[in-house]
Amino acid sequence: MSKKAGKRLVAYFLLTKGTNRPDEVIEKAQNQLRHKIKDATIHWRQWPQVWKWLSDISKQQDVKADYTAKNLLEATIRLMEEKDMSGPTGFKEDDFLKWQDAFFKMEEFRGEVRRTMKLVKSNLEKEKITCIKDPLEKDLFPRDLKYRFKGENWREVEKNSNLHLSIDFNLTPEDRGVGIGIWWDIKYSEERKEMVEKISKGKKSLDDKYAKFELYPVEDGIWIDNSPDFKDLETGEDAVTTLVNRVTELRDFANNIPTLRKATGYRETRRKRRNS
């Protein structure tokens with residue numbers, strides 16, 4: 001919609017991600033605007049058009065010279081591209097060569113992960129820890145590979161995997177490496193704070209070997225970290241041993257913390273209780 005407000009021209013745009021013009025949505029929005037502005041008109045644009053506008057603007061010399069404007073535009077463009085809200089740019093032979101090289105490198109990475117995790121899963125099964133998600137079963141080009149596990153007799157995890165043991169192979173710049181931890185999906189910040197306090201209190205009563213675990217309340221959950229350094233993963237044998245040991249440590253930690261034991265639904269078997 002456009003109208004004159006004094007000497008200024010005001011414009012309203014309806015932006016949608018879809019590729020087809022949403023006539024019903026446009027009509028509804030236009031009718032609502034006309035309660036305030038008699039001749040209101042909606043100009044519909046797809047997000048890819050906005051991405052193109054921003055991309056064209058970012059190439060202008062005066063924008064390149066403006067540090068703040070340049071960074072804001074580039075950040076917005078990257079965000080739109082990550083959310084698949086950008087437009088096509090065409091296919092070039094050089095790009096295909098880069099993508100082909102990236103594909104083979106990714107396949108090498110996936111192969112190394114697959115071979116390592118085959119032994120890790122086998123050894124963890126001996127510890128009564130079961131893999132409940134294998135990302136290589138579905139994802140073709142993942143930025144990270146997240147393996148989820150549960151301990152034996154974690155009855156609540158059988159129904160809901162919101163709390164699980166995790167091995168994450170991350171290729172994102174901010175998290176690059178191997179992350180090992182317990183993830184607990186907790187939506188409300190006050191509940192997260194309460195659970196962190198309870199887990200921290202329980203942690204103090206355990207052996208010093210668990211002191212290295214770090215608790216991170218993050219958006220939507222809690223991460224209990226037991227991630228290794230790259231020096232612990234330099235050989236295939238070291239990698240398998242390190243991953244198995246660190247996941248097993250986390251399983252034992254969870255089984256000994258009342259708050260986590262309740263959340264996982266852990267129950268010792270009768271045989272274990274008789275032998276203890």
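**Entry 1: Asp 232**

I looked up Asp 232 and found that it counts as buried, with a relative accessible area of 19%. The cut-off explains the label, because buried means under 20% relative accessible area. I note here that the model is predicted. Asp 232 sits in the loop between S10 and H8. I then listed its contacts, leaving aside residues up to four places away in sequence: Asp 232 touches Asp 238, Ala 239, Thr 242 and Arg 246.

**Entry 2: The chain as a whole**

I turned next to the overall figures. The protein chain has 10 helices and 10 strands. It holds 276 residues, of which 36% count as buried. Among contacts in the protein chain with a separation of 6 or more, 58% come from residues 24 or more positions apart.

**Entry 3: The sheet**

In what order do the strands of the open sheet stand? I read the order as S5-S6-S7-S8-S10-S9, which makes 6 strands with antiparallel pairing. Strand S5 (129-133) and S9 are at the edges with a single partner strand each, so one side of each has no neighbour in the sheet. On average, neighbouring strands of this sheet are turned by 30° against each other, direction ignored.

S5 and strand S6 (residues 144-151) run antiparallel and are joined by 4 bridges. For Thr 130, the bridge partner in S6 is Lys 150. I recorded a general point beside this: strands of a sheet pair through backbone hydrogen bonds, either parallel or antiparallel.

**Entry 4: Ile 182 in strand S8**

I selected Ile 182, which is found in strand S8. Is Ile 182 buried or exposed? Its relative accessibility is 1%, so Ile 182 counts as buried. I looked up its C-alpha distance to Leu 163, a residue 19 residues apart from it along the chain, and found 7.1 Å. With residues up to four places away in sequence not counted, Ile 182 touches a list of residues that includes Leu 163, His 164 and Leu 165. Also among them are Ile 222, Trp 223 and Ile 224, as well as Leu 250 and Phe 253.

**Entry 5: Aromatic pairs**

How many aromatic pairs are there? I found 4 aromatic pairs. Tyr 210 belongs to the loop between helix H7 (189-204) and strand S9 (214-218), while Phe 253 belongs to helix H8 (residues 236-256), so the pair ties together parts that are 43 residues apart in sequence. Both Tyr 210 and Phe 253 are buried.

I then looked at Phe 213 and Phe 253. Their ring centres are 5.1 Å apart with the planes at 85°, so this pair is edge-to-face. Phe 213 lies in the loop between H7 and S9 and Phe 253 in helix H8, so parts 40 residues apart in sequence are tied together here. Phe 213 has a relative accessible area of 0% and is buried. Phe 253 is likewise buried, with a relative accessible area of 0%. I noted that ring pairs link Tyr 210, Phe 213 and Phe 253 into a cluster.

**Entry 6: The largest pocket**

I looked up the largest pocket and found about 490 Å³ of space in it. Of the 24 residues that line the largest pocket, I listed those closest to its centre: Lys 146, Asp 168, Asn 170, Asp 175 and Trp 223. Which strands each supply at least two residues of this lining? I found S6, S7, S8, S9 and S10.

**Entry 7: Positive phi angles**

I ended with backbone angles. As a general rule, most residues other than glycine have a negative phi. Lys 128 is not a glycine, yet it has a positive phi of about 65°. I located Lys 128 in the loop between helix H5 (93-126) and S5. Lys 128 is partly exposed, with a relative accessible area of 45%.

Asn 153, also not a glycine, has a positive phi of about 65°. I located Asn 153 in the loop between S6 and helix H6 (155-159).

Technical notes. Residues are numbered from 1 along each chain as its sequence is written. This is a predicted model: local features need pLDDT of at least 70, side-chain atom pairs count only at pLDDT 80 or more; totals for chains, interfaces and linings use all residues. Side-chain values use heavy atoms; hydrogens and water are left out. Rings of Phe, Tyr and Trp (its six-membered ring) pair if their centres lie within 6.5 Å; planes under 30 degrees apart count as stacked, over 60 as edge-to-face and the rest as tilted. Buried means under 20% relative accessible area, exposed over 50%, partly exposed in between (1.4 Å probe, protein chains only). Two strands pair if DSSP finds at least two bridges between them. Axes are lines fitted to C-alpha atoms, for helices over the stretch in contact, and angles run from 0 to 180 degrees between N-to-C directions. Contact means heavy atoms within 4.5 Å. On a 1 Å grid over the protein atoms alone, a cavity is a set of points where a 1.4 Å probe fits but cannot get out, and a pocket is an open set with protein on both sides within 12 Å along at least five of seven lines; lining residues have an atom within 4 Å of a point. Grid points are joined across faces, edges and corners, and a volume is the space filled by probe spheres set on the points.
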